[in-house]
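Q: I am new to this structure and would like a close look at one topic: salt bridges. Please take me through it step by step.

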Amino acid sequence: MNGKKWYFFLILGALFLTSCDNQNKGTKTIGTQTTGKEKIVIATSGAPSPFSTVDGQGELMGYDIDVAKAIFAQLPQYEVRFEITEFPSILAGLDSQRYHVGANNFAMNEKRKEKYFHSAPIFQNQYAIAVAKNNNDIKQFSDLNGKSTEVYPGLNYATALELYNQQYPNNPVKITYSEADLLPVLQHVETGQYDFQLIDKVMLSQLINEHNLNLKTIELSNDDADRIALPYSYLLISKGNKGEQLTKDINDGIKKIISNGELTKISVHYFGADYSPK
């Protein structure tokens, strides 16, 4: 190769490297890709349906999942990835900042308020008691004394019953902790293995219709519903260094999907009615 050709390729190579360097400024490397977006990991357990579930093709879906996607579609500064894990691991991951957001039909209680930021409400709950149709012993929350139930540890219903038992230690609710899916849990109530189940009214109605469950719904008074939590569900956000800003941005996204009707659309898709917060 003569001197002129060598000099030409040398200059060309220098220009290429300079161009690459300029393109890489202000970006973050994630694996082998570069992006200027903040990476966010959203954790969910894949249950309970229809808030979080995995379809027959192995795809993650559900109300909380679609709401989170709609929120972050309004926030182009973030790149979002979902991770399915056990329910207790969502909270542990938020504690350790492995996860930034938890999406799992989370209610608010005092313990969670201390440990996590909460988004603005994304769903308006109605709480109910599920009992077998032939069960006439339970008509309200105060009838639960001495009765049996099966609960997922760490859920707001478990916390509410634990606090209730502290108030009435002489005749407490008999709690069995279980990680079973909601459908078999309700079937255990249907067959009389357990006396009742605390549950969101909309989920109960849906499961009764889908699976022809021989159950009835007892709506809770406002005072009894307050034993469980405020009548809303939220996204949980880790209290890491960027948690406050992330919470603010998520809330801005929630306002946008409420005002543009997207949240109502998602609710009607999954529940056949509008349960978006008003």
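A: Let's start with a term: helices (H or I, at least four residues) and strands (E, at least two) are DSSP runs, numbered from the N terminus. Residues are numbered from 1 along each chain as its sequence is written. This is a predicted model, in which local features need pLDDT of at least 70, side-chain atom pairs count only at pLDDT 80 or more, and totals for chains, interfaces and linings use all residues, while side-chain values use heavy atoms, leaving out hydrogens and water.

A salt bridge here is a side-chain nitrogen of Lys or Arg within 4 Å of a carboxyl oxygen of Asp or Glu; that rule gives 8 of them. For accessibility, buried means under 20% relative accessible area, exposed over 50%, and partly exposed in between (1.4 Å probe, protein chains only).

In helix 8 (residues 222–228), Arg227 and Asp224 sit 3 residues apart, about one helical turn. Their side chains meet in a salt bridge at 3.4 Å, N to O. Arg227 is partly exposed at 30%, whereas Asp224 is buried at 14%.

Helix 4 (residues 110–115) holds Lys113 and Glu110, also 3 residues apart, with their closest N and O atoms 3.6 Å apart. Lys113 is partly exposed at 40% and Glu110 exposed at 55%.

Now for a pair across elements: Glu219 and Lys201 form a salt bridge at 2.8 Å between the closest N and O atoms. Glu219 belongs to strand 14 and Lys201 to helix 7 (residues 201–211), so this pair ties together parts 18 residues apart in sequence. Glu219 is exposed at 52%, and Lys201 is partly exposed at 22%.

Finally, salt bridges link Arg81, Glu83 and Arg98 in a network.
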